[in-house]
Amino acid sequence: MADQENSMRVTRLAARKRAAEEPMVAEKSKKKRVVLGEIQNVLPSRDQKSRVVNEKQKSKPQRNVKKGEIGGDKEAKISTDPAIDLNGDSDDPQMCGAYASDIYEYLHNMEMEAKRRPLADYLEKTQKDVTANMRGVLIDWLVEVAEEYKLLPDTLYLTVSYIDRFLSSNVLNRQRLQLLGVSSMLIASKYEEINPPHVEDFCYITDNTYSKEEVVKMEADVLKTLRFEMGNPTVKTFLRKFTRICQEDDETSSLQLEFLAYYLAELSLLDYGCVKFLPSMVAASVMFLSRFTLQPEQNPWNVDLECDSGYKAADLKECVGILHDLQLSKLGGSLVAVREKYKQHKFKSVSELSSRSEIPEAFFQQ
């Protein structure tokens, strides 16, 4: 009997609890669930979107673009890459102004880690059948492949990094150099691209010189050599920072300076002599030479660039010299892919810009 009373008491308590919860359940039932086909009905209207866009544009720092600088073609779509606000004066939290110095200190430390750096003289110490000219021809061809598959610039830079790091510790026959190139680009594409090309695409681009199995095997060998350390700062990483500093100068076209810097940076990939320099030094040297090309009478290096890059003009002299020889076709004159790429109007034909044959020694003085 006692057990039955306890059971009834529990039942009554449960009934009271359900009665108390009924209003809440009824209220919830009034809320309509959004199914897949109805999502479009709850998205902001066009007017609401316009207001949001306008508010965001007001909060972002405006670039100084001269009248007529961006034409009626697709140049506007190739505008400056998103970069960190170096001065920390932007209200846009996505610019990470408060963390800019810490981020780039971290990147500087990362680029100096031995596991992310190729040997400066790996062709002399490690390779027996691969030469600097072969390396240049391979990378020149990879520039065309990247254009063919519309890959991001970062993919190309990482590809070259993987190639140099692999060759630093693995002896390779020249017949397999192209295989290393496409396998490295396959890895870089998987790391950077939203829709990377397939293995079959890289087989096709080599006219099926290599089978799918060979590409996959080389991919595995590269990954083992890299110890799956695939993310590292490249020249392009630091170039974004230095370009933003220089674009504050109203005397030159922002887009022209940007594209010229990208052109010289890609030229640096072709020359084995640039392997020994840190990516940040190459990026700083690229900005030095870009500014000199556009304004040869003005000292291309200033306090802001020295402070943010950590390099004095004198530190850049050797690297700038190599880049200048590349620009004047004294080096790599037979490698035309990068030059042809930047002859296009969408890049403001910056590869056709002439540069003075000599850089005044005074520009490298302290």
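How many residues has α6, and how far does α6 reach from its first C-alpha to its last? Helix α6 has 17 residues and reaches 25 Å, close to the 24 Å expected at 1.5 Å a residue. The expected span is 1.5 Å times one less than the number of residues.

## Basis

This is a predicted model, in which local features need pLDDT of at least 70, side-chain atom pairs count only at pLDDT 80 or more, and totals for chains, interfaces and linings use all residues. Residues are numbered from 1 along each chain as its sequence is written, and side-chain values use heavy atoms, with hydrogens and water left out.

## Overall make-up

The protein has 16 helices and zero strands. Helices (H or I, at least four residues) and strands (E, at least two) are DSSP runs, numbered from the N terminus. Of the 366 residues, 43% count as buried. Buried means under 20% relative accessible area, exposed over 50%, and partly exposed in between, with a 1.4 Å probe and protein chains only.

Take the contacts between residues at least 6 apart in sequence: 79% of them join residues at least 24 apart. Contact means heavy atoms within 4.5 Å.

## Helix α6 and its neighbours

Helix α6 covers residues 132-148. Its buried residues are Met134, Arg135, Gly136, Leu138, Ile139, Asp140, Leu142, Val143, Val145 and Ala146. These buried residues pack against α5, α7, α8, α9 (199-205), α12 (254-270) and α16.

One of these partners is α7, residues 153-167. Helix α7 has 15 residues and reaches 22 Å from its first C-alpha to its last, close to the 21 Å expected at 1.5 Å a residue. It is mostly covered, with 14 of its 15 residues buried.

## The α6–α8 crossing

Helix α6 and helix α8 (residues 177-192) pack at an angle of about 40°, with their axes 10 Å apart. Axes are lines fitted to C-alpha atoms, for helices over the stretch in contact, and angles run from 0 to 180 degrees between N-to-C directions. The two helices are therefore oblique to each other. Angles under 35 degrees count as roughly parallel, over 145 as roughly antiparallel, 65 to 115 as roughly perpendicular, and the rest as oblique.

The crossing of α6 past α8 is right-handed. That term applies if the near helix is turned clockwise from the far one by less than a right angle, and left-handed if anticlockwise. On the α6 side, the contact residues are Met134, Arg135, Leu138, Trp141, Leu142, Val145 and Ala146. They meet Leu177, Gln178, Gly181, Val182 and Met185 in α8.

## Loops with positive phi

Most residues other than glycine have a negative phi. Lys150 has a positive phi of about 55° although it is not a glycine. Lys150 follows α6 and sits in the loop between α6 and α7. At 70% relative accessibility, Lys150 is exposed.

Ser329 also has a positive phi, near 65°. Ser329 lies in the loop between α15 (317-327) and α16 (337-341). At 38% relative accessibility, Ser329 is partly exposed.

Asp121 lies in the loop between α4 (100-111) and α5 (122-125). Its relative accessible area is 28%, so Asp121 counts as partly exposed. Asp121 and Val275 are 154 residues apart in sequence, but 8.3 Å apart in space, C-alpha to C-alpha.

## Cysteines

The whole structure has zero disulfides. A disulfide is a pair of cysteine sulfur atoms within 2.5 Å. Cys203 is buried, at 5% relative accessible area. Cys307 is exposed, at 62% relative accessibility.
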